[in-house]
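Here are my notes after a pass through the model you sent. Have it open alongside while you read.

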Amino acid sequence: MPDSRFFHNSGSLTLSAIASLTGATLTTRGGQAPDGERVFGDVASLEQAGKDDVGFLDNVKYLDAFAKSKAGACFVRPQYVSRAPEGMALLVTPEPYFAHALTASRFYPERETQPVISPQAIVAASATIGKDVTIAPGAIIGENVSLGAHCSIGAYTVIGDGVMIGDHGRIGAHCTVSHAIIGQRIIVHRGVHIGQDGFGFAPGPQGILKVPQLGRVLIGDDVEIGSGTCIDRGAGPDTVIGNHTKIDNLVQIGHNVRIGNYVLIAAQCGISGSTQVGGGVMLGGQVGLAGHLSVGKGAKIAAQSGVMTDVPDGETYGGSPAVPIRDWHRSSVVMAQLIKKKE
Amino acid sequence: MPDSRFFHNSGSLTLSAIASLTGATLTTRGGQAPDGERVFGDVASLEQAGKDDVGFLDNVKYLDAFAKSKAGACFVRPQYVSRAPEGMALLVTPEPYFAHALTASRFYPERETQPVISPQAIVAASATIGKDVTIAPGAIIGENVSLGAHCSIGAYTVIGDGVMIGDHGRIGAHCTVSHAIIGQRIIVHRGVHIGQDGFGFAPGPQGILKVPQLGRVLIGDDVEIGSGTCIDRGAGPDTVIGNHTKIDNLVQIGHNVRIGNYVLIAAQCGISGSTQVGGGVMLGGQVGLAGHLSVGKGAKIAAQSGVMTDVPDGETYGGSPAVPIRDWHRSSVVMAQLIKKKE
Amino acid sequence: MPDSRFFHNSGSLTLSAIASLTGATLTTRGGQAPDGERVFGDVASLEQAGKDDVGFLDNVKYLDAFAKSKAGACFVRPQYVSRAPEGMALLVTPEPYFAHALTASRFYPERETQPVISPQAIVAASATIGKDVTIAPGAIIGENVSLGAHCSIGAYTVIGDGVMIGDHGRIGAHCTVSHAIIGQRIIVHRGVHIGQDGFGFAPGPQGILKVPQLGRVLIGDDVEIGSGTCIDRGAGPDTVIGNHTKIDNLVQIGHNVRIGNYVLIAAQCGISGSTQVGGGVMLGGQVGLAGHLSVGKGAKIAAQSGVMTDVPDGETYGGSPAVPIRDWHRSSVVMAQLIKKKE
């Protein structure tokens, strides 16, 4: 169970309450209804769960762990009910991970802390600070900044002049944010840098000239940005990130990039300048997108791929240079056969 | 036009003044001379420009946008004059991007701010601080540091004992700089770490021993370093970065690396220890160079390549492991043919 | 020799003392015993060493530099004794780099500084601070934190509530550490972020839900972590890093990752969630490991590889997708032959 030094369990739930919260159906391997009044106190992984914990089976790699689990209850898809251990209460749902997330959030809600503006913060008199805002020690809030209600700004984070952040924004420690207009409920983890100059240099007769970067960073609602990620501001057009887009750690987003809604970007991806990423796109870890490209809506790019051409809507690409995923798989097969012949 | 909350336009220019500033020749699609006294107030992208704005066409991908643009004037290469829309004033130049940069810098010059050393900065008494230096709140300037005239040090940035930075250096917020001797006019963006220990470990009978890192980081004039980039100091020899070299975000530069003048390094590249990179080299995004290699003067390495061997002067390499670019392209063609046969 | 502005030489050693410290055998190219009373004042690279310096030959790439070196003495493997220049004192050892590290550490020991807790640090009253701890200006030590004896915490570093760090830990400037239990003698370089939320999102009928991250980061003894690296805490299980493991700069370690003892991870690697890395594994630069994999004990992964499958104990893999290294090399050979045929 979570370490109580770091996490604070808000109390138990009955099995019926958990089923009701998640829309899951109660059963057991044998098909009998389990006792809905049975009380559960925590979530846990299949390996670590005990009789009072609720586990989840989302990835078939863990079917063995499921079969051996001591979890008292478990979220599971209908097709795996028959693989459950004897006596385990089953919460059947098409989305076990989603149900787990809902339940874990109920056991461990965000802690309400008393909003406070640290006397060691530096807040410009011209800044507009919403209701119930928290500003940690050393944070610097520039001229004409606007922070919405319930925002929280981490220690030593620097918010540049004119930046606007919507309600319920949480910016971690050690961030810098400049030249940016940000929507509601953003979560920015630690050490993120938003709004610096893009990499714009013009080689010419008088040497390499720095090109003024005159655009902004526009970020929608419900966006999350991982630690160490850098988002450059636009060169003239803006850099744009859509609603509900989630970005992992150490990602690079170049100037003028436009990212749609509901995009998932795994760690260490790099998106070069002026490239457009459609809504619902998923990028695996360490993917690189060259500049001035378009990755169509709903496309998926396999980890470590290098995309050098436009990707049509809904396609899955892999490899470096990236090609349709079936061609990438075939090239692995062909190469394996050629190697075999040489032996 | 740039958001006036973030950018400050210094006033209009006549078409003749712009032509004179950039060395461009004035014409129109039809060959008539446009009115040199016509006044322009801003730069803008081809899509966003209006009749009082100056655009630029540098990348053929944007020829359609050029043909449809409402820009009053545009920098363009001679061969695309015939593709211009009716009535657009054309500023013909072989280097449209360079001309744009010059013009944008005239409309949006660096703002002169009053130099000030924050009372919340911590400056060692033994430090030598040049004329008109700005030091932001929380910056720490160590013993015997030397900062040249007109330097600016960002909030919470830590400059270690003995570091020297030349005139007009700008170090962003949240940086650390130690064991370094830096030339004039450096621009270091936010969250950059310069001078930490290289990754030096000696496995041996007594376990893994940490190898003392006894070199420095030497950086020339007119260098720019992007956010989140890490430059380790030398292990004994120094880590060296030449004049006019520009480094993008989240780049890793290992100990003892020697980089020449006028090198361009895109985001997320990694250069392993003791590798030498000649003058004028260009590295695409996410390139990795193995250790103890030499990349010759003027070489170009395609994005995401992994260089495992020396690269001769002036060559272009691609792939992982990287090979001459013509071989890399051929291997894509060969593979495509093999896949086709299988179908 | 190291720049005395940054490094402090603690005094000379006789050749016999150096041999005794490192277990090396004294000889010369001709086989005569050199004068053991000869005094040496420094270590240096083969190119830079003079007659009073001790060099080392560890990489055969530097055999020419060795043959031309002016170093008065040099650590060298037995098989290269005959390649030494006339008159050079030879310190023969199977591990020249290890011997160099020992000797360099003797010339340049860690400087003892007076432990001091800065009045500009913010230390919770409930924190337990060991003997002889140093806390730099602006560091924030949270509630119930425990810092072992002789720990040092860098400027502006934020240690979150409940974190425990063992004796002799050194955390650089600009780090954040939360939800972590850390062993003895850890070295964390600058700008490292440990303990933030992993990238856990559950797509479902109500949109993308953030999954509470309820695990910790557990780090063993004698670990070193490079600048800019991010280590996410577990989602439920913990993220675990074993003893003596060394991690370079800008590495991403996802939630629930388990890394064994004596693992070496080069710069810019990314390890996806729930993957297990066995003891003694070596990862080259920019390697990516997909999630939920197992990389067996002692395995080696070539730089830039993308590992999509389990790797057995002791194997060497390369390529993206990664395959056994012999297959990767063969595929390069096969491709080169196919290209040749096309010419």
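This is a predicted model: local features need pLDDT of at least 70, side-chain atom pairs count only at pLDDT 80 or more; totals for chains, interfaces and linings use all residues.

1. Chain A as a whole. Along the principal axes, the C-alpha atoms of chain A fill a box of roughly 80 × 70 × 30 Å. Chain A has 343 residues, and 54% of them count as buried. As for contacts between residues at least 6 apart in sequence, 23% of those in chain A join residues at least 24 apart.

2. Where chain A meets chain C. How many residues does each chain bring to the contact? Chain A gives 52 and chain C gives 44. On the chain A side, helix H3 (96-107) and helix H4 (325-342) each supply at least two residues. The largest share of that side comes from H3(A), with 7 residues.

3. Helix H1 of chain B. This helix covers residues 15-22, and its buried residues are B:Leu15, B:Ile18, B:Ala19 and B:Thr22. Why do they line one face of the helix? Looking down the axis of H1(B), the buried residues fall within an arc of 100°, so they share one face. Just after H1(B) comes B:Gly23, with a positive phi of about 75°.

4. H1 against H3 in chain B. Helix H3 of chain B spans residues 96-107, and H1(B) packs on H3(B) at an angle of about 125°, the axes being 9 Å apart. The crossing of H1(B) past H3(B) is right-handed. From H1(B), the contact uses B:Ile18, B:Leu21 and B:Thr22. From H3(B), B:Ala99, B:Leu102, B:Thr103 and B:Arg106 take part. Note that B:Ile18 and B:Thr22 are also on the list of buried residues in H1.

5. Strand S7 of chain C. Which residues of this strand (residues 89-92) point which way? C:Ala89 and C:Leu91 go one way, C:Leu90 and C:Val92 go the other, and all are buried. Strand S2 (residues 25-27) of chain C runs antiparallel to S7(C), joined by 3 bridges, and C:Thr25 sits opposite C:Val92. Strand S6 (residues 73-76) of chain C pairs with S7(C) in the parallel sense over 4 bridges. In that pairing, C:Phe75 stands opposite C:Leu91.

6. The 11-strand sheet in chain C. This is an open sheet with mixed pairing, in the order S10-S13-S16-S19-S24-S27-S30-S33-S36-S38-S39. S10 (134-135) and S39 are the edge strands, each with a single partner, so one side of each has no neighbour in the sheet. Inside the order, S16 (residues 170-171) and S19 (residues 187-188) of chain C are parallel, with 2 bridges. There, C:Arg170 stands opposite C:Ile187.

7. Cis peptides. In chain B, the bond joining B:Ser320 and B:Pro321 is cis, with omega about 5°. B:Pro321 sits in the loop between strand S38 (316-318) and strand S39 (323-324) of chain B. In chain C, the peptide bond from C:Ser320 to C:Pro321 is cis too, omega being near 5°. C:Pro321 lies in the loop between strand S38 (316-318) and strand S39 (323-324) of chain C.

8. A:Asn144 has phi near 60° and belongs to the loop between strand S11 (140-141) and strand S12 (146-147) of chain A. Is A:Asn144 buried, exposed or partly exposed? A:Asn144 counts as partly exposed, because 14 other C-beta atoms lie within 10 Å. C:His292 also has a positive phi, near 60°, in the loop between strand S34 (288-289) and strand S35 (294-295) of chain C. With 15 C-beta neighbours inside 10 Å, C:His292 is partly exposed.

Note on methods. Residues are numbered from 1 along each chain as its sequence is written. Chains are lettered from A and ligands numbered from 1 in the order in which they are written. A residue is buried if 20 or more other C-beta atoms lie within 10 Å of its own, exposed if 12 or fewer, and partly exposed in between; C-beta atoms are placed from the backbone. Two residues are in contact if their C-beta atoms, placed from the backbone, lie within 7 Å. The arc is that of the directions from the helix axis to the C-beta atoms. Two strands pair if DSSP finds at least two bridges between them. Axes are lines fitted to C-alpha atoms, for helices over the stretch in contact, and angles run from 0 to 180 degrees between N-to-C directions. A crossing is left-handed if the near helix is turned anticlockwise from the far one by less than a right angle, and right-handed if clockwise.
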